[in-house]
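Dear colleague,

Please find below the structure that I am handing over to you. My notes on what was found in it follow.

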Amino acid sequence: MGSSVSHAAAPPPPPPAGLAVALPPKAEEKSEKKVDYLNLPCPVPFEEIQREALMSLKPELFEGLRFDFTKGLNQKFSLSHSVYMGSTEVPSPSSGTIKVPTAHYEFGANFLDPKLMLIGRVLTDGRLNARVKCDLTDNLTLKINAQLTNEPHFSQGMFNFDYKGKDFRAQYQMGNNAFYGANYIQSVTPHLSLGSEVFWLGHQRKSGIGFAARYNTDKMVATAQAASTGIVALCYVQKVSEKVSLASDFMYNHMTRDVTSSFGYDYILRQCRLRGKLDSNGCVAAFLEERLNMGVNFILSAEIDHRKKDYKFGFGMTVGE
Amino acid sequence: MASRVSSKGKGKAGRGPDDGSTARCVKDWSTWAMKKAKVVAHYGFIPLIIVIGMNSEPKPHLSQLVSPV
């Protein structure tokens, strides 16, 4: 029976065993797979629960000129030089924010190892941005994030201990100003994961609790977050094709009765990446990264705020990986 | 009023060394240690990355650190 099937079906005669192996997997795919609740995939970290939406809807918009040069000395170690000339917004007591022209040069060093990652950036005014990620064991990771300044009492630091289990993740955070937090996220089905977080601010004696849920398939991701600080955030990302994805986001702040909703697109094409978004605050933004050559990228950023009549355009180049 | 202030001051000075002095000492020393650690991290973090990077394999040359090519 096997040999007659093989002669009839395929011109170059494969051995009957080969054809028998080729057919059943396709049938298996179509039938419904039984869910193995003891072998669920590991969920994404709690702080990255909205990462697809953040990548599409919140590109790093800037105003002015930006030039980044990254020079690799070897596989793991690289230095970066970055120049920025433009305006930054400074909150002013009188009229909201005012634009102050600034220019700075930033020197950075990166060391990237599978087990240890060190990233440091120092600005001309002495501010240091430091990020450390160290794998203490296979499942336990230590992350340190710090912004150190020369002015006293303006520095910030945060220590995170992450534990990755089979189908859950737990994190404990300690920050300056006596900030303590913990969060936990667990996969409950192959597509759905639920998580929660608590935090405690020592100096202001404030504490809060929040819950999050994330449902994702190959084509879409939907997340919902609610916190006792009165913030409800929902977002939905749909991958329309290999190159295009659309994202939308809704945020409600109960304390300030503030509602914001935005809709954006993300086109990842061969030579460029174009992201755009439209906001309920009357803000339209677009961000283009065009690959001119191997390692040379040209960046254009535009943000138009119709309500505040604020127009920001920026251009730049990135050289190096 | 002056006598009240002076008595309050004396009372506080009298109470200090007896009441929770170890806790206060630990807190003072940990604040001092955090301040020193912050200064060390501020000046030493980038040189630490450069030292670790220059000692990783394959060892880059010192001139590569400075030249733009």
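How many residue pairs are in polar contact between chain A and chain B? In this predicted model, the count is six, with both residues of each pair at pLDDT 80 or more. Salt bridges across the interface of chain A and chain B number zero.

The area buried between the two chains is about 1,800 Å², and carbon and sulfur atoms give 74% of that area. Chain A brings 24 residues to the contact, and chain B brings 19 residues.

On the side of chain A that touches chain B, the elements giving two or more residues are strand 1 (64-72), strand 2 (77-91), strand 3 (97-112), strand 4 (116-123) and strand 5 (128-135) of chain A. The largest share, five residues, belongs to strand 4 of chain A. By type, this side of chain A consists of 14 nonpolar, seven polar and three charged residues.

As to confidence, the predictor assigns the complex an ipTM of 0.78 and a pTM of 0.79. Chain B has an average pLDDT of 78, with 72% of the residues scoring at least 70. Within chain B, helix 2 (residues 21-54) has the highest confidence, at a mean of 90, whereas helix 1 (residues 2-15) has the lowest, at 48. Over residues 5-14 of chain B, pLDDT stays under 50, and the model has zero contacts beyond four places in sequence for these residues. Where pLDDT is low, predicted coordinates should not be read in detail.

With kind regards

How values were computed:
Residues are numbered from 1 along each chain as its sequence is written. Chains are lettered from A and ligands numbered from 1 in the order in which they are written. This is a predicted model: local features need pLDDT of at least 70, side-chain atom pairs count only at pLDDT 80 or more; totals for chains, interfaces and linings use all residues. Side-chain values use heavy atoms; hydrogens and water are left out. pLDDT is the predictor's confidence in each residue, from 0 to 100. Helices (H or I, at least four residues) and strands (E, at least two) are DSSP runs, numbered from the N terminus. Contact means heavy atoms within 4.5 Å. Buried area is the accessible area (1.4 Å probe) that two parts lose on being put together, summed over both. A salt bridge is a side-chain nitrogen of Lys or Arg within 4 Å of a carboxyl oxygen of Asp or Glu. A polar contact is a pair of N or O atoms within 3.5 Å; within protein, one must be able to donate a hydrogen and the other to accept it, and residues adjacent in sequence count only if both atoms are side-chain atoms. Ala, Val, Leu, Ile, Met, Phe, Trp, Tyr, Cys and Pro count as nonpolar, Asp, Glu, Lys and Arg as charged, and the others, Gly among them, as polar.
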